[in-house]
Amino acid sequence: MKVAFTAQGNGWYEKVDLRFGRAKGFFIVDTETDQAEYLDNTQNLEAAHGAGTSAAQSVINTGAGALVSGSVGPKAGSVLKAAGIEVYTVEGGTTLKDAYNLFKQGKLKKQVL
Amino acid sequence: MDTEEGDVKMKIAVASGKGGTGKTLISTNLARVALEQGSVTLFDLDVEEPNAHLFFSEVEQKSEPVEKMIPVVDVSICELSGVCSKVCEYHAIITLANQVMVFPELCHSCYGCLEMCPSKAISEGKKQIGMIKHGAKDHLQLISGLLKVGESATTALIRDVKKFPIQKSGLQIYDAPPGTSCPVIETVKDLDYVILVGEPTPFGLHDLNLLVQVLQEIGQPFGVVVNKAVTGNDRIEQYCAQKGLEILAHIPLRSDIAGAYAKGQLVSEVLPDVKQIFQELLETVTRKVNGAVA
Amino acid sequence: MKEIVIMSGKGGTGKTSITAALGALAGSKAVMADCDVDAANLHLLFDPQVEHEEDFYSGKKAVIDYDLCTDCGICEEKCAFDAIHWQDGRVVINDVSCEGCSVCFHLCPVDAIRMEDNLAGKWYRAKSRFDNPFVYAHLGIGQENSGKLVSKVKQEAKKVAEELQRPFIFVDGPPGVGCPVISSLSNADHILIVTEATESGLHDLQRLVELTEYFKLSASCVINKNDLNEESDRAISAFCREHNIPVVERIPFHPAFYETLEQGKTLIESDNKEIIAKIEHIYQYLTKGE
């Protein structure tokens, strides 16, 4: 399965971006191979309207089955829910590496959408 | 210029850069003194908090819903092409693997998805954005817009309220929403004249100046009324002199005016000296508008 | 670094007065950010020296290339915002009415319409007269505040705070509960809600608390003009208790709010000891533990 993290930059030691719609980018990790790829979110960051629903569409397009972020707003949340993507939350300041480990250990809190 | 009964056919707005400056005080009292000369239609376009009706409780208003278009997707025809989501600048319609989701709060009713759907699966749905309340008594017709709580389609609602049919020709007064953005521009754009209300505080002057710039940019004629005027404070006078703007009237900062207003009274009905201020204001504005036409 | 956002729902509650006074107390320790961009007033009290300014673009506007236009009129017919009109035998777009929906751009049969980025305003990095680094923005004619601009102002404020290693950011939040408000809440460490003892004050507080609870943000409350209406004051206190929101201060209606504004000063520059003590208490509450 692929899991998407909202990220402040590209790299395992970058931090999770607590914003969803206006996150800097998405860090996508394949849990079978631990391989990561980075998807820039500038386009949504720059959107005047609907950054949340538009970012949700981007995450869906990556084929991710789960998302880790700070908090997801109600509109984006309903898109992710309809697409069957589980949303997990982390504290501010967590690195992508730590967040990924916590995710694999099942220690992240699920956001009820 | 002689103004005979029913002869005044101008459209004027009362506007201010921020709420709480006395816009409604001025629009309602202007309507009151104008009723002595002929018919008046008062539009309350402060749609987030319309309260002009509080001063004319004798007018019974009926309500009608105002709706806007939102897309409705026919799932039996939809081929999930994703075109609607690509063309929507507001990200209000999202295509998933097995369905299309619509977000009415984000939709601006531009009809783009409906126009461009390759399988013609989108049709016109309706969503209520607010109400028009309307009623008349004698020579007064009162038309108010009321935005639904949580709705953001202020401009669309104002556009619809302005189209409501007027019963008798005569003076039309538009109580504009506060601010300097689209809703106020939509209100004033095709009217004859705008009365700007400003308070002589630093914040008040700052907000007045923003609205002056907007009206100058769109080329609307306007003049300024100083509300809560305090003797010795000539902040707005200095500003207007410097910018070459006309001051139409001063309404003093007085506890009897504030008190009457808070009780839901029309000050021009209880305070004769204030009534005179509004009569003179109406004459001044009438002269301005007719002068511009001639 | 702690980011504290000051919110109020509707205008007129004294939010900006309190924010400005907190900034004056903090001095160089706090970066100030004005996200109440529709009615940005903080700079009137801060007398800022601008160090950097930059254009800000948001949304799009349609532009017609008349070399290609064949005057077919499809754009005029399809524009849902009444922004395209016939004028002297050709179609003309009214910039103020154009909402940037791109429908005309997509439907033009000869590709004569392009969408250009819309210049929405400017943002500034400055220094206030209290030595606060200060980020604020001005909107262009008829432009509206957006989540994007709020994000930008907050992002720049954060950058400055990191660069200069300042422990606090105070954000003057936008009114309402729409997109700009949600943007101003994201990544915040604490929300201070300034409300007033009226029915609408309670209503606005409830709507804001719905948001802070949804996003699981820590929040506290200041009841301004608490003597305006005893019943509302009680109802607000009860609501706060129920939702575990500490009421940090209650400030009675006081002409100092009006008088200091009139002189372009902040509340802590007034000669009212009681109000100054209350503001200091709010400041200590917000900055404790740092």
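## Exercise 1: the sheet in chain A

Start at a bridge: Thr89(A) has Lys109(A) in β6(A) as its bridge partner. Keep in mind that this is a predicted model. Your task: find which strand pairs with β6(A) and in which sense, then work out the strand order of the sheet.

Step 1. β6(A) pairs with strand β5 of chain A, residues 86-89, and the two run antiparallel over two bridges.

Step 2. Now widen the view: the sheet is open, has six strands and mixed pairing, and reads β3-β2-β1-β4-β5-β6 in chain A.

Step 3. Look at the edges. There you find β3 (36-40) and β6 (109-110) of chain A, each with a single partner strand, so each has one side without a neighbour in the sheet.

## Exercise 2: a helix in chain C

Your task: check how far helix α5 of chain C reaches against the expected span, and say which of its residues are buried.

Step 1. Helix α5 of chain C covers residues 147-164, which is 18 residues.

Step 2. At 1.5 Å a residue you'd expect 26 Å, and the reach from first C-alpha to last is close to that, at 26 Å.

Step 3. Buried means under 20% relative accessible area. Among the residues of α5(C) that are buried are Gly147(C), Leu149(C), Val153(C) and Ala161(C).

Step 4. Just past α5(C), Gln165(C) has a positive phi of about 55 degrees.

Technical notes: Residues numbered from 1 in each chain as written. Chains lettered and ligands numbered in written order. Predicted model: local features only at pLDDT ≥ 70, side-chain atom pairs only at ≥ 80, totals over all residues. Heavy atoms only, no water. Pairing = 2+ DSSP bridges. Helix = DSSP H or I, 4+ residues; strand = E, 2+ residues; numbered from the N terminus. Expected span 1.5 Å × (residues − 1). Buried < 20%, exposed > 50% of the residue type's maximum accessible area, 1.4 Å probe, protein only.
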